[in-house]
Amino acid sequence: MSKLAILTSGGDSPGMNMAVWAATHAAQARGWEVLGIRQGFSGLLRGESLPLSSSKALPYARLGGTFLGTAREPEFAHKIPAALHRLQQAEVSHLLVLGGNGSLAGAARIAEAGFKVVGIPCTIDNDVDGSDESIGFDTALNTALWLFDGLRDTAEALPRWFSLETLGGDTGFLAQAVARAGGADVLLVPERPLPLEVLEQNMREALGRQGFAFLVASEGYPELMGTLERLEQALGLRLRHTRIGHAQRGGRPSGHDRLLARALAEHAVEALAHHHSGMIGLQQGQYRRVAFEQIGPRKPFPKDLL
Ligand code: F6P
């Protein structure tokens, strides 16, 4: 009998729970047993798991975070034999890994050892190569926009200079989406540091045009706080800075993320049923099986987004 083990790994993202439920549901429909691994690869190495059923997982599907728990296990690549031993011990035939770049790299190492593993991109950073979108990105974007809009209300009432700092690690996908969807005046992303004079000029133009200026920055921008201080001095204006922080990673998944999670999970189970290993990615509206070897360490940042 087939037995699917599911784990969530790395930074959690809204929609992971939905993907766990959808995969459980799809696997049970095929008559498979399902096992949830606790705390990602760390829990796998410790052999911590629980039997899953569709009815057990369903109440969590609409919630953020991950009810299985997650962990960062940077040394996992060196512990593959121990992980394989645990999988064999639990009589697991297929593994589903939900996570971002590091987690998918861990999944690839297990697949290299001959085990059937499929990965699904889950990260609010949306920086997984081979997929236009990752689960959680849309929810994080909406959370940030809710704050952006709040700041905008007050900016229009009492003109000031505002900056909003998003998560995103050392990539700018999330910040650029917030800036574009919100209509920010200046975007700071690690992929393209800007000279101070350019920042100052853009801010001055926005201040002249509308009486206030809005800057969106990714947390990974080099020397972000120092840059903002220097800009503040150059403009001679006080900055109102908001850092969203980890709240951006939580919250109930948006409808879009739930649909994405469900579709990716269903395709993942189907791929496993056909003895495929790799990642399921969304590419130009199509769900595709992407070989682990084809996935780069990080999605290239498209220049036209700048
Ligand atoms: O999972 C990605 C992410 O949320 C990044 O956006 C952020 O920089 C990082 O994780 C935060 O990591 P930690 O939760 O370990 O502080």
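User: In this predicted model, two strands pair if DSSP finds at least two bridges between them. What makes strand E6 and strand E8 a pair?

Analyst: Strand E6 (residues 161-166) is joined to strand E8 (residues 213-218) by 6 bridges. The definition asks for at least two, so the two strands pair, and they run parallel. Within this pairing, leucine 164 stands opposite valine 216 in E8.

User: Why is one side of strand E7 and of strand E9 left without a neighbour in the sheet?

Analyst: The open sheet has 4 strands in the order E7-E8-E6-E9, paired in parallel. E7 (186-188) and E9 (239-243) stand at its edges and each has a single partner strand, so one side of each lacks a neighbour there. From one strand to the next, the twist averages 20 degrees.

User: How do you know that the ligand lies between domain 1 and domain 2?

Analyst: The ligand is surrounded by residues including Gly10, Asp125, Leu167, Glu219 and Arg249. Domain 1 (3-136 + 253-300) and domain 2 (138-249) both give residues to this shell, so the ligand lies between them. By class, the shell has 2 nonpolar, 6 polar and 3 charged residues, with Gly counted as polar.

Definitions and conventions
Residues are numbered from 1 along each chain as its sequence is written. This is a predicted model: local features need pLDDT of at least 70, side-chain atom pairs count only at pLDDT 80 or more; totals for chains, interfaces and linings use all residues. A residue is near a molecule or strand if its C-beta atom, placed from the backbone, lies within 6 Å of it. Domain bounds come from an automatic or database domain assignment. Axes are lines fitted to C-alpha atoms, for helices over the stretch in contact, and angles run from 0 to 180 degrees between N-to-C directions.
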